[in-house]
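Here is a short briefing on one protein chain.

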Amino acid sequence: MKIVLLAAYSITLFFVRTWTGLAACALLFFVVAAVSRIPLRRYFALLVPVYVIVGFTILFNGFAFDVSQATASGAPAGLGNVSAGVLSDLPPIALVGSFGFVPAGFARGCFFALRIVLLVVASLVVTYTTTSTELTAALGDFLRPLRRLRLPVDDIATVFSLALRFIPVTAEEFGRVHDAQQARGAAFDDGPLWERLRAWQTVLIPLFVGLFRRADALATAMDARCYGAPEVARTSLADRRFAPRSVAVLAGGLAVCAALAALL
């Protein structure tokens, strides 16, 4: 349900063309975030790389090297057909020579920036409120119709789950090896660029060796538990059923997203 609603919400963000519609999408996110009971600062604290992209989006849309080629509508600049709001009728302002500020482009850049932020934080709602096991189970349910084509659906879901679980393991291993090499005198921040790159070799090589050892031990453990045996039917510890409440929430969410995309 969460994955389908996330896909519908993401599509809706690209269909919405007015500030009213974008504000409605933002309000919808804040309502869902409040229901999740996760502090808003957790959503926005991890968006530093996104803020950089947002900054460039506003910068490149709000300024032009030749304001004579820009119009109040901003169409020649390739800004799309989204609304510029109250700044749509303001003419470009020349600052230095032909370089200047385009109010309509600035408004559209803010529109695109807010769209990007909402797209990212909406995905964080799903990741914060759903465990990797639940995501893996959902992936297996989505792929279940492919069993008729004799595709190893359970194996694909297992690989996806292992990939998710190895992310924190890899990060922990990377920090451990980095601290060990730094304690041995590896100069990661001193000297010329080539010397610093060679210092990072002392981290990457042991890291990959350790990961391959973990993968080999994991493969042995899975083989001992008969993973991949064609005659064994995979079972589940928890009985997963699509409850009527989930159906109602899914239908209501899809209806709201469709209304926003069609009307705004």
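Valine 121 touches Phe29, Tyr43, Phe44 and Leu47, leaving aside residues up to four places away in sequence; contact means heavy atoms within 4.5 Å. This is a predicted model, where local features need pLDDT of at least 70, side-chain atom pairs count only at pLDDT 80 or more, and totals for chains, interfaces and linings use all residues. Numbering runs from 1 along each chain as its sequence is written, and side-chain values use heavy atoms, with hydrogens and water left out.

**Nonpolar cores**
- The largest nonpolar core has 25 residues; Tyr9, Cys25, Phe29, Tyr43, Leu118 and Val121 touch the most other members.
- Helices H1 (2-15), H2 (19-36), H4 (48-62), H5 (103-129) and H9 (244-263) each give two or more residues to this core.
- H5 gives the most, with nine residues.
- Another core lies apart from it, with five residues, among them Val177, Ala186, Phe188 and Val203.
- A nonpolar core is a set of buried Ala, Val, Leu, Ile, Met, Phe, Trp, Tyr and Cys residues joined through side-chain atoms within 4.5 Å.
- Buried means under 20% relative accessible area, exposed over 50%, and partly exposed in between (1.4 Å probe, protein chains only).

**Aromatic rings**
- The structure holds four aromatic pairs.
- Phenylalanine 111 and phenylalanine 112 pair edge-to-face, at 6.3 Å centre to centre and 90° between the planes.
- Rings of Phe, Tyr and Trp (its six-membered ring) pair if their centres lie within 6.5 Å; planes under 30 degrees apart count as stacked, over 60 as edge-to-face and the rest as tilted.
- Phenylalanine 111 counts as buried because its relative accessibility is 0%.
- Ring pairs link Trp19, Phe111 and Phe112 into a cluster.

**Helix H8**
- H8 (residues 193-224) has 32 residues and reaches 47 Å from its first C-alpha to its last, close to the 46 Å expected at 1.5 Å a residue.
- That expected span is 1.5 Å times one less than the number of residues.
- Its buried residues are Ala199, Val203, Leu207, Gly210 and Leu211.
- These buried residues pack against helix H7 (153-183).

**Whole chain**
- The protein chain has nine helices and three strands.
- Helices (H or I, at least four residues) and strands (E, at least two) are DSSP runs, numbered from the N terminus.
- Along the sequence the pattern is α-α-α-α-β-β-β-α-α-α-α-α.
- Of its 264 residues, 27% count as buried.
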